[in-house]
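Work through the exercises below with the structure open beside you. Try each task before reading its solution.

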Amino acid sequence: MSQTWVQLCYVVAAVLFILSLKWMSAPATARRGVLAGELGMLIAIAGTLARPEVVNYRGIAIAFIVGTVAGVPLAYLMPMTAVPQRTAFSHACGALAAALIGTAEYYQHTPHGFVMGAIVAETLLGFLTFTGSLMAFGKLQELLPGRPFTYRFQNWINLGIFGAALALGIFLVAFPEQRWIFPIFASLALIFGVLLIIPIGGADMPTVIALLNSYAGLSAAAMGFALNNDLLVIAGTLDGSSGFILSVIMCRAMNRSFTNVLFGAFGKVQKSAARAEQRAVRSATAEDAAEILGSSQMVIVVPGYGMAVAQAQHKVRELYDMLTRRGVDVRFAIHPVAGRMPGHMNVLLAEADIPYDRLFEMDDINSDFGQADVALVIGANDVTNPAARNDPGSPIYGMPILNVDKARTVMVIKRSMSPGFAGIDNELYYMDKTLMLFGDAKSFLGDIVKALPAAAMAA
Amino acid sequence: MEKEDPVHIDVFTLYVFILAAFLGFELIKRVSPLLHTPLMSLTNAISAIAVVGAIILLGQKDAPPLSRILGFIAVTAAITNVVSGYLITDRMLKMFKKREGGKR
């Protein structure tokens, strides 16, 4: 196939990728979007395989088989609760591919000037995103401790290593023949990726995952510059801007800046603020909860990461069904940073067959809490903490929260009184109208579901 | 390399980059937060377009051993993302249902 035909394939693929993202905007067209994306990828790969300079197909065929064998189970066997880990792992794969291609290009051609600059950007982003994503994967999979880990001069050390990597990169652009520099440059980028994620706590994971997504895309875009391939630039940049926008949305939802997320080590500052005093809380049984829920007209459920950990989404669905059948208006309030990645809660609730028109964004539902009889908080913490509104001394002050405290009764399903990921005490738990339901979310919801019919009889 | 220009800058590709960035911003802004997780796995699969560069590297005539090894790993990693990315996105999207007629 001539170069013109190959280029035409790439143009068609680029159009399909753009349509794919366009159709992704609403659930009704989203699956068509996936199809467009698949088709685009197929055309791009077919066009590339038909390029005259591609002659050795054996290695490619083996790699295709290995990749498919690895990819299919990764897509079908992963439980939905593990989607954040899978996403982090994919960022690592994508970044590794970009970084290795850049490395090979460098050693094979030793390019100069603009192309070398692109390769430096590609490998720098690629290597740091590779180790960073693996670290994020480790934290999400709980292979590594999830709490932020900080030490003295951490930010200065990180900044120094990144600065050194950048300086070596610039040096390589100026003197590409100095090949011994490249391994040092690559190692610094790899180390920086690890150090970048070490101080990140669970509450910040949504932002960081989105940011790594952006880096992986930009790395592919830089490869497009190095290979003078516009399709790579377009697809990589679309991914890069997507990740960037998502991380901005996440930051805004926490009222924090990028620098604060990356260098702030959430959950460290407030140690001093931890109050030793024991405050009284009201706890209740599943039967009490069932009675109140059964006699209410409107219930707003607030899910959080705790629901994912307990795998409680199917029990939530049972409760939703029972209450809906009794005429209760049940809604779900989703905070943008609930869970460990953007949209995490929506996917879990959709998996449990809860219709998506019952899931509401924060801004759309916050005014409804005043009319709600019950706000049922399942494994969410910081996103419900009124301190974000009232207490200027709180580390989360200014963060937009769900107005759970405005509901007539607040129920919180929680394992124990231990503070959440950010280590901040939640005032909500000590309010007079709050009932604490201590226990595992899944089994407690099961008990409520069992107690509901009896509660209905009594009423 | 048409001309001997030591600081040759690929301006055309820069235009493409900037336009794609603006387009991406406009497209992603419109995506419902409901679908942010599938969106991320979809863009992840799309950015596995890096496979194009990896194929050229691995498939070239008389590739040096280093290019062959790194190219092989890169094709494998990228194809893993292509396959798992699209499949899991579709698997997730299949679960999003509306109430009417949504209960199978």
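## Exercise 1: a helix and its length

Task: Check the length of helix α9 (residues 230–253) of chain A against its number of residues.

Solution. Step 1: α9(A) has 24 residues, which at 1.5 Å a residue should span 34 Å. Step 2: the end C-alpha atoms of α9(A) are 34 Å apart, so the two values agree. Helices here are DSSP runs of H or I with at least four residues, strands are runs of E with at least two, and numbering starts at the N terminus.

This is a predicted model, where local features need pLDDT of at least 70 and side-chain atom pairs count only at pLDDT 80 or more, while totals for chains, interfaces and linings use all residues. Residues are numbered from 1 along each chain as its sequence is written, and chains are lettered from A and ligands numbered from 1 in the order in which they are written.

Step 1: look at the surroundings. A residue is buried if 20 or more other C-beta atoms lie within 10 Å of its own, exposed if 12 or fewer, and partly exposed in between, with C-beta atoms placed from the backbone. In α9(A), 21 of the 24 residues are buried, so the helix is largely enclosed by the rest of the structure.

Step 2: look at both sides of the helix. Asn228(A) lies in the loop between α8 (205–227) and α9 of chain A. Asn228(A) is not a glycine, yet its phi is positive, about 55°. Asn228(A) counts as partly exposed because it has 14 C-beta neighbours inside 10 Å. Just after α9(A), Asn255(A) also has a positive phi of about 55°.

## Exercise 2: a positive phi in another loop

## Exercise 3: following the strands

Task: Trace the pairing of strands β1, β4, β5 and β6 of chain A.

Solution. Two strands pair if DSSP finds at least two bridges between them. Step 1: β1 (residues 298–303) and β4(A) are parallel, with five bridges. Val299(A) stands opposite Val374(A). Step 2: β4(A) also runs parallel to β5(A), again over five bridges. Here Val377(A) faces Val412(A). Step 3: β5 (residues 409–414) pairs with β6(A) in the parallel sense, over five bridges. Lys414(A) has Phe438(A) as its bridge partner.

Step 1: check burial. In β4 (residues 374–378), five of five residues are buried. Val374(A), Leu376(A) and Ile378(A) point one way, while Ala375(A) and Val377(A) point the other. In β6(A), four of the five residues are buried, so this strand is largely enclosed by the rest of the structure.

Step 2: leave β6(A). Gly439(A) lies in the loop between β6 (434–438) and α17 (441–458). Gly439(A) is 25 residues from Lys414(A) in sequence, but their C-alpha atoms are 5.9 Å apart. Gly439(A) counts as partly exposed because it has 19 C-beta neighbours inside 10 Å.

## Exercise 4: the second chain

Task: Describe the elements of chain B and the burial of α2(B).

Solution. Step 1: chain B has four helices and zero strands. Step 2: of its 104 residues, 56% are buried. Step 3: α2 (residues 36–47) has twelve residues, which should span 16 Å, and its end C-alpha atoms are 16 Å apart, which agrees. Step 4: twelve of the twelve residues of α2(B) are buried, so it is largely enclosed by the rest of the structure. Among them are His36(B), Met40(B) and Ser47(B).

## Exercise 5: where the chains meet

Task: How many residues of chain A are in contact with chain B?

Solution. Step 1: two residues are in contact if their C-beta atoms, placed from the backbone, lie within 7 Å. By this rule, 97 residues of chain A are in contact with 83 residues of chain B. Step 2: helix α4 (residues 83–109) of chain A gives the largest share of chain A's side, 16 residues.

Note on methods:
The expected span of a helix is 1.5 Å times one less than its number of residues.
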